[in-house]
Amino acid sequence: MREDAGFMEEALAEARTALLEGELPVGAVVVYGDKIIARAHNEREQSHDPTAHAEILALRRAAKHLGNWRLTGCTLYVTLEPCPMCAGAIVQARVDRLVYGAPDEGSGCAGSVYRITEDPAFTHFTPADGGILSRECRALLDQFFQNKRDRP
């Protein structure tokens with residue numbers, strides 16, 4: 001658990017960058033062995049790309065780093081429970097493990113609404129552990145939405 005918290009802190013640093021850039025504050029890191037090989041945060045607003053979620057960008061960068069689309073041996077840490085698109089990408093990338101911070105009761109697909117990453121209908125199973133530093137992760141999201149409400 002201590003190791004998970006340390007890597008989640010790194011994902012939180014990415015989420016803080018997203019917040020400063022006016023993006024929904026979600027951050028992600030991909031760990032291979034005990035080393036971070038990729039990191040990303042949401043970039044949808046600045047790139048005008050609906051797929052530029054932190055998870056997708058981190059998976060792309062990890063695949064490039066490893067020279068392989070199969071991310072076996074990797075753990076993805078993300079500050080918000082993945083949406084259906086990201087959960088599907090995690091399964092397709094063959095990620096060994098998913099660790100997320102705050103649950104997403106509206107569209108989370110690693111336990112809240114559905115469990116795409118653990119659905120036996122798919123050929124790959126990615127176990128998910130949620131709630132790691134969830135208060136810190138949720139606080140950034142709350143700050144983002146409060147900032148949106150405070151703007152004229």
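**View 1. Cysteines without a disulfide.** No disulfide (a pair of cysteine sulfur atoms within 2.5 Å) turns up in a search of the whole structure. This is a predicted model, in which local features need pLDDT of at least 70, side-chain atom pairs count only at pLDDT 80 or more, and totals for chains, interfaces and linings use all residues. Residues are numbered from 1 along each chain as its sequence is written, and side-chain values use heavy atoms, with hydrogens and water left out. Look for the sulfur of Cys-74: the closest cysteine sulfur, in Cys-86, is 16 Å away, too far for a bond. For Cys-109, the closest cysteine sulfur belongs to Cys-83, at 7.2 Å, and that is also too far for a bond. Cys-74 is buried, at 0% relative accessible area, and Cys-109 is buried at 5%. Buried here means under 20% relative accessible area, exposed means over 50%, and partly exposed is in between (1.4 Å probe, protein chains only).

**View 2. The buried residues of helix α4.** Helices (H or I, at least four residues) and strands (E, at least two) are DSSP runs, numbered from the N terminus. Helix α4 spans residues 84–92, and its buried residues are Cys-86, Ala-87, Ala-89, Ile-90 and Val-91. They pack against α3 (54–66), β3 (74–80) and β4 (97–102). After α4 comes Arg-94, with a positive phi near 65°.

**View 3. Glu-23, buried and without a salt bridge.** Glu-23 sits in the loop between α1 (2–20) and β1 (27–32). Although buried, Glu-23 has no salt bridge, and the nearest side chain of opposite charge, Arg-44, is 5.5 Å away. A salt bridge is a side-chain nitrogen of Lys or Arg within 4 Å of a carboxyl oxygen of Asp or Glu. The Glu-23 side chain does reach backbone nitrogens: that of Arg-44 at 3.2 Å and that of Glu-45 at 3.0 Å.

View 4. You will find His-124 in the loop between β4 and β5 (128–129), where His-124 counts as buried at 15% relative accessibility. A polar atom of the His-124 side chain lies 2.9 Å from the backbone oxygen of Val-95. The side chains of His-124 and Thr-126 are joined by a polar contact of 3.3 Å. A polar contact is a pair of N or O atoms within 3.5 Å; within protein, one must be able to donate a hydrogen and the other to accept it, and residues adjacent in sequence count only if both atoms are side-chain atoms.

**View 5. Salt bridges across the chain.** The count comes to six salt bridges. One of them pairs Glu-10 with Arg-39, with the closest N and O atoms 3.0 Å apart. Glu-10 lies in helix α1 and Arg-39 in strand β2, so this pair ties together parts that are 29 residues apart in sequence. Arg-39 also forms a salt bridge with Glu-14, where the closest N and O atoms are 3.8 Å apart. Glu-14 counts as buried, at 11% relative accessibility, while Arg-39 is partly exposed at 32%.

View 6. Arg-97 forms a salt bridge with Asp-129, the closest N and O atoms being 2.9 Å apart. Arg-97 is partly exposed at 24% relative accessibility, and Asp-129 is partly exposed at 34%. Together with Asp-4, Arg-97 and Asp-129 are linked in a network of salt bridges.

Note on methods. Contact = heavy atoms within 4.5 Å. Lys, Arg positive; Asp, Glu negative; His and termini not counted.
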